[in-house]
Amino acid sequence: RLVSYMLGIETSCDDTGIAIVDTTGRVHANVLESQQKFHTRYGGIIPPRAQDLHRARIAAAYERCLEQAQLQPEQLAGIAVTTHPGLPLSLIVGLRFARHLARRHRKPMLPVHHMEAHALQARMEHPTEISYPYLCLLISGGHSQLAMVNGPGRLTLLGETLDDAPGEAFDKIARRLRLYVLPQYRLWNGGRAIEHAARDAKNPTAFEFPLPLAQQRNCNFSFAGIKNNSFRAIRKQEREERTPPDGIISNYRDFCAGLLNAVSRHLMHRTQRALEYCLERQLFGAAPPTLVISGGVANNDAIFENLKHLASAYNCRCYRPSKLYCSDNGVMIAWHGIEQLLQDPKQSLRLDIDKIDVA
Ligand code: KG4
Ligand code: ZN
């Protein structure tokens, strides 16, 4: 069988990702430039600064990508690029670069929905195990959704967050907690730092949070309550301990364990509802019931193990992308391009470059 190569370009947020993947799911190159260290200092991503960094790095990242893959641009079947959702200033850098390549090398361009790319990524590594349709829990810094995945461009939303995303809550709480004063966490994202700190908790039940939307029988999420309760608990603890303004509460590990447990329970509660709904209505059809967890928060081992355990109680299999590909990267964009190509080769390669824009 003929193998095609797809270039993937991701610049929706603060990572410049460029990768080349082929139709068999083999990764030929994966270049990822994180801006984390430039933004953490300021307590969050500053869009114009993110745009400058993408601009400064994208061409060199592309060159390194070709070099790693040992391929010429002529050998590419197409150029897949994230067009939405994301920070407009960041998205536009990737899109313009993709347009430039597409014109210069006369290659088709394939627009990619960032969250969909997260949702399909696990199929690259588990092509036979994960077949459409499957249930996907998408949890990242910008989203929290449960969706049935029927193919590229064919997701049915079952529920989503009414306020914050879980990764966003982790990031904001980690900053409020000042986890970054500890050198080991200085360059980590909030979710990863909280997961790590929680492992060493002495009293993991010292901080408890009510279950959000406990009475609602749907698949929506809410993390604002957990976030506000966290801020309140931290302030109370700081007052009691007289924590200096640049210090951290002594039992931050217990706090992180309680927080992680609260987020985990909420995700399980909603996923359970979605599983029951899909099984009752036989939405999996002839395919074996399958749950895929994706997005940056899927990196979290505690959350993944809990969800896997829940799924197994429903005879449902559970997968996530390997850690290399859970967070934003170019591979998932290239893979989404491959999925588009496989689904409808003619249509996916015919799109007019000028009609593709950030949305
Ligand atoms: O998918 P992603 O890389 O970017 C978005 O599309 O948002 O997700 C980033 C988010 C961040 O909010 C980060 O705190 C969270 O994923 N994250 C984690 C972990 N690693 C990254 N959350 C919990 N546990 C982790 N190990
Ligand atoms: Zn993402």
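**Helix 3 and its surroundings**

Mentor: In this predicted model, the buried residues of helix 3 pack against strand 1 (5-10), helix 2 (47-69), strand 4 (76-84) and strand 5 (109-113).

Trainee: Which residues of helix 3 are buried?
Mentor: They are Ser90, Leu91, Val93, Gly94, Leu95, Phe97, Ala98 and Ala102.

Trainee: Why is Val93 called buried?
Mentor: The label requires 20 or more other C-beta atoms within 10 Å, and Val93 has 24 within that distance, so Val93 is buried.

Trainee: How do you know that the span of helix 3 is close to the expected one?
Mentor: Helix 3 (residues 88-105) has 18 residues, for which 26 Å is expected at 1.5 Å a residue, and the reach from its first C-alpha to its last is 26 Å. Arg106, which follows helix 3, has a positive phi, near 50 degrees.

Trainee: Turning to ligand 1, what makes up its shell by class?
Mentor: The shell has three nonpolar, 12 polar and five charged residues. Of the 20 residues around ligand 1, Gly141, Gly167, Gly191, Gly296 and Asn300 come nearest, while helix 5 (166-177) and helix 6 (190-199) are the elements that give two or more residues to the shell.

Methods: Residues numbered from 1 in each chain as written. Chains lettered and ligands numbered in written order. Predicted model: local features only at pLDDT ≥ 70, side-chain atom pairs only at ≥ 80, totals over all residues. Near = placed C-beta within 6 Å. Helix = DSSP H or I, 4+ residues; strand = E, 2+ residues; numbered from the N terminus. Nonpolar A, V, L, I, M, F, W, Y, C, P; charged D, E, K, R; others polar. Expected span 1.5 Å × (residues − 1). Buried ≥ 20, exposed ≤ 12 C-beta atoms within 10 Å, placed from the backbone. Contact = placed C-beta atoms within 7 Å.
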